[in-house]
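Please keep the sequence and the 3D view open while you read this note. The points below go helix by helix, then turn to the core and a pocket.

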Amino acid sequence: WGMEKRKRQILLFSLWFVFLSMVAGITFLSLQNGEETKMLGNRMIMEFAKAGHGQEEVTQTLLDSVTYVIRQGGRALAFLMIGIVGTVTMYVTCQKCNWLIRTGLTVLMLASIAYLTEKLKIYIPSRHYSFEEMMISMMATAVGFACVSVIIFLGKILKTASQAKAADSCP
């Protein structure tokens, strides 16, 4: 019993550490000064644009387009992962809680992270709030949440079915 409790504590600590590290990382990136962010990404994005279009000249329109796609794709991927890891973390942490409470807390936590990382930009020089970007973050966390929830739900159905089958096969 003591060893199981210790393993659970290590698992919980590890899940929370990974989840909070991801949230801290996306928060750091989201709340950087707009000019610093542009300088950080411009060189890398220019290389992507050149690689994707060979030797032809890279126009500002193309550069803006590639920048938008990379940033929004990165945002969606980051928030998808936050949705997945956050949901797993909350489900393991609140394992014995009522389904409604556990789900409500998880959705509230994920939606708050997606909302605040965008809304707090209004306090950063040369940054602005974008409803579109906030919705991308919300949708990505929702997809992560849904994926984990469906997998857990299907796992419970399979477990119940296999237990019922085992009970039926006993004499």
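Which residues of H1 are buried?

1. **Helix H1.** The buried residues of H1 are Leu12, Leu15, Phe19, Val23, Ile26 and Ser30. Here buried means under 20% relative accessible area, exposed means over 50%, and partly exposed is in between (1.4 Å probe, protein chains only). H3 and H4 are among the elements that cover these residues. Contact means heavy atoms within 4.5 Å. Helices are DSSP runs (H or I, at least four residues), numbered from the N terminus.

2. **What you are looking at.** This is a predicted model, in which local features need pLDDT of at least 70, side-chain atom pairs count only at pLDDT 80 or more, and totals for chains, interfaces and linings use all residues. Residues are numbered from 1 along each chain as its sequence is written, and side-chain values use heavy atoms, with hydrogens and water left out.

3. **The span of H1.** H1 has 29 residues, so at 1.5 Å a residue it should span 42 Å. Its end C-alpha atoms are 42 Å apart, which agrees. The expected span is 1.5 Å times one less than the number of residues.

4. **Serine 30.** Find serine 30 in helix H1. It counts as buried because its relative accessibility is 5%. Leaving aside neighbours within four places in sequence, serine 30 is in contact with Thr117, Lys121 and Arg127.

5. **Helix H5.** H5 has 39 residues. From its first C-alpha to its last it reaches 56 Å, close to the 57 Å expected at 1.5 Å a residue. Its buried residues are Glu133, Met134, Ser137, Ala140, Thr141, Gly144, Phe145, Val148 and Ser149. H3 and helix H4 (99-119) are among the elements covering them.

6. **Glutamate 132.** Is glutamate 132 buried or partly exposed? This residue of helix H5 counts as partly exposed because its relative accessibility is 44%. Glutamate 132 and methionine 109 are 23 residues apart along the chain, and their C-alpha atoms are separated by 20 Å.

7. **The largest nonpolar core.** A nonpolar core is a set of buried Ala, Val, Leu, Ile, Met, Phe, Trp, Tyr and Cys residues joined through side-chain atoms within 4.5 Å. The largest one has 15 residues. Phe19, Val23, Phe79, Ile82, Met109, Leu110 and Ile113 touch the most other members. Helix H1 (2-30), H3, H4 and H5 each supply at least two residues of this core. The largest share, 5 residues, comes from H3. Apart from this core lies another, of 6 residues, including Ala49, Leu62, Leu63 and Val66.

8. Methionine 109 touches Trp16, Phe19, Gly86 and Met90, not counting residues up to four places away in sequence. Methionine 90 lies in helix H3. Methionine 90 is buried, with a relative accessible area of 8%. With residues up to four places away again left out, methionine 90 touches Trp16, Arg102, Leu105, Thr106 and Met109. Methionine 90 and valine 107 are 17 residues apart in sequence, and 9.8 Å apart in space, C-alpha to C-alpha.

9. **Valine 58.** At 18% relative accessibility, valine 58 counts as buried. Beyond its neighbours within four places in sequence, valine 58 is in contact with Met46, Ala49, Lys50 and Leu63. Valine 58 and glutamate 47 are 11 residues apart in sequence and 9.9 Å apart in space, C-alpha to C-alpha.

10. **A pocket.** Which residues line the second largest pocket? They are Tyr91, Val92, Gln95, Arg102, Ile152 and Lys156. A pocket is an open set of points on a 1 Å grid over the protein atoms alone, where a 1.4 Å probe fits, with protein on both sides within 12 Å along at least five of seven lines; lining residues have an atom within 4 Å of a point. Helix H3 (60-93) and helix H5 (131-169) each give two or more residues to this lining. About 170 Å³ of space lies in the second largest pocket, a volume being the space filled by probe spheres set on the points, which are joined across faces, edges and corners.
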